[in-house]
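The stops below follow charged side chains and their partners.

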Amino acid sequence: MNAEKMTQKTIETIGQAQRLAEERRHTQVGQIHVLYALTNDPDDLNVQLLSALGVNTDEFRRAIETELGKQATYGSGQTGRLYITQEL
(Lines give C-alpha, C1' and ligand atoms only; values in the text may rest on other atoms or scores of the structure.)
Protein backbone atom coordinates (compact mmCIF):
# COMPACT_ATOMS: atom_id res chain seq x y z
CA MET A 1 0.00 0.00 0.00
CA ASN A 2 1.26 3.41 -0.91
CA ALA A 3 0.05 5.84 1.77
CA GLU A 4 0.88 8.80 -0.44
CA LYS A 5 -1.96 7.82 -2.78
CA MET A 6 -4.56 7.34 -0.02
CA THR A 7 -7.18 9.81 1.12
CA GLN A 8 -7.19 10.99 4.72
CA LYS A 9 -10.33 8.91 5.38
CA THR A 10 -8.62 5.80 4.00
CA ILE A 11 -5.57 6.35 6.21
CA GLU A 12 -7.82 6.82 9.26
CA THR A 13 -9.81 3.67 8.43
CA ILE A 14 -6.67 1.56 8.00
CA GLY A 15 -5.36 2.96 11.29
CA GLN A 16 -8.60 2.04 13.07
CA ALA A 17 -8.47 -1.46 11.59
CA GLN A 18 -4.88 -1.89 12.76
CA ARG A 19 -5.67 -0.68 16.29
CA LEU A 20 -8.62 -3.07 16.45
CA ALA A 21 -6.43 -6.00 15.45
CA GLU A 22 -3.81 -4.99 18.03
CA GLU A 23 -6.40 -4.58 20.81
CA ARG A 24 -7.81 -8.02 20.11
CA ARG A 25 -4.33 -9.53 19.84
CA HIS A 26 -4.96 -10.73 16.29
CA THR A 27 -2.02 -11.92 14.26
CA GLN A 28 -3.07 -10.03 11.15
CA VAL A 29 -5.22 -7.16 10.01
CA GLY A 30 -7.60 -7.99 7.20
CA GLN A 31 -10.78 -7.11 5.42
CA ILE A 32 -12.97 -7.84 8.44
CA HIS A 33 -11.04 -5.27 10.48
CA VAL A 34 -11.46 -2.68 7.74
CA LEU A 35 -15.17 -3.49 7.47
CA TYR A 36 -15.50 -3.01 11.22
CA ALA A 37 -13.71 0.34 10.99
CA LEU A 38 -15.93 1.45 8.10
CA THR A 39 -19.10 0.66 10.04
CA ASN A 40 -17.96 1.68 13.51
CA ASP A 41 -19.67 5.09 13.56
CA PRO A 42 -23.48 4.96 13.25
CA ASP A 43 -23.46 8.50 11.83
CA ASP A 44 -20.95 7.61 9.13
CA LEU A 45 -22.02 7.64 5.49
CA ASN A 46 -21.20 3.94 5.11
CA VAL A 47 -23.68 2.96 7.80
CA GLN A 48 -26.31 5.31 6.40
CA LEU A 49 -25.89 3.78 2.94
CA LEU A 50 -26.25 0.26 4.32
CA SER A 51 -29.41 1.31 6.14
CA ALA A 52 -30.79 2.93 2.99
CA LEU A 53 -30.20 -0.36 1.17
CA GLY A 54 -32.32 -2.16 3.76
CA VAL A 55 -29.46 -3.73 5.70
CA ASN A 56 -30.14 -4.22 9.40
CA THR A 57 -26.93 -2.57 10.60
CA ASP A 58 -27.21 -4.00 14.11
CA GLU A 59 -27.28 -7.55 12.73
CA PHE A 60 -24.52 -6.65 10.29
CA ARG A 61 -22.31 -5.44 13.16
CA ARG A 62 -23.02 -8.60 15.16
CA ALA A 63 -21.97 -10.69 12.17
CA ILE A 64 -18.75 -8.69 11.93
CA GLU A 65 -18.13 -9.19 15.66
CA THR A 66 -18.66 -12.96 15.22
CA GLU A 67 -16.10 -13.08 12.41
CA LEU A 68 -13.64 -11.01 14.43
CA GLY A 69 -13.95 -13.58 17.20
CA LYS A 70 -12.76 -16.27 14.78
CA GLN A 71 -9.50 -14.52 13.91
CA ALA A 72 -6.19 -16.04 14.96
CA THR A 73 -4.63 -14.49 18.06
CA TYR A 74 -1.30 -14.64 19.81
CA GLY A 75 -1.07 -15.74 23.43
CA SER A 76 -1.10 -13.54 26.47
CA GLY A 77 2.30 -12.39 27.57
CA GLN A 78 3.53 -12.56 23.99
CA THR A 79 4.11 -9.63 21.75
CA GLY A 80 2.88 -10.47 18.32
CA ARG A 81 3.86 -9.05 15.02
CA LEU A 82 0.84 -7.80 13.12
CA TYR A 83 0.69 -8.78 9.46
CA ILE A 84 -1.48 -7.34 6.71
CA THR A 85 -3.46 -9.94 4.78
CA GLN A 86 -2.80 -10.28 1.08
CA GLU A 87 -6.36 -9.10 0.29
CA LEU A 88 -5.49 -5.66 1.60
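How many salt bridges does the structure hold? There are 3, where a salt bridge is a side-chain nitrogen of Lys or Arg within 4 Å of a carboxyl oxygen of Asp or Glu. The model is predicted, so local features need pLDDT of at least 70 and side-chain atom pairs count only at pLDDT 80 or more, while totals for chains, interfaces and linings use all residues. Residues are numbered from 1 along each chain as its sequence is written, and side-chain values use heavy atoms, with hydrogens and water left out.

**Stop 1: Lys9 and Asp44**

Select Lys9 and Asp44, which form a salt bridge with their closest N and O atoms 3.2 Å apart. Lys9 sits in helix H1 (residues 8–23) and Asp44 in the loop between helix H2 (31–38) and helix H3 (45–52), so this pair ties together parts 35 residues apart in sequence. Helices (H or I, at least four residues) and strands (E, at least two) are DSSP runs, numbered from the N terminus. Colour by accessibility next: buried means under 20% relative accessible area, exposed over 50%, and partly exposed in between, with a 1.4 Å probe and protein chains only. Lys9 is partly exposed at 41%, and Asp44 is buried at 15%.

**Stop 2: Glu65 and Arg24**

Now select Glu65 and Arg24, whose side chains meet in a salt bridge at 2.8 Å, N to O. Glu65 is in helix H4 and Arg24 in the loop between H1 and strand S1 (28–29), so the pair links parts that are 41 residues apart in sequence. Glu65 is partly exposed at 30% relative accessible area; Arg24 is partly exposed at 29%.

**Stop 3: Lys70 and Glu67**

Move to Lys70 and Glu67, joined by a salt bridge of 3.1 Å, N to O. Lys70 is exposed at 57% relative accessibility, and Glu67 is partly exposed at 34%.

**Stop 4: Arg61**

Finish on Arg61, in helix H4 (residues 57–69).

Leaving aside neighbours within four places in sequence, Arg61 is in contact (heavy atoms within 4.5 Å) with Tyr36, Thr39 and Asn40.
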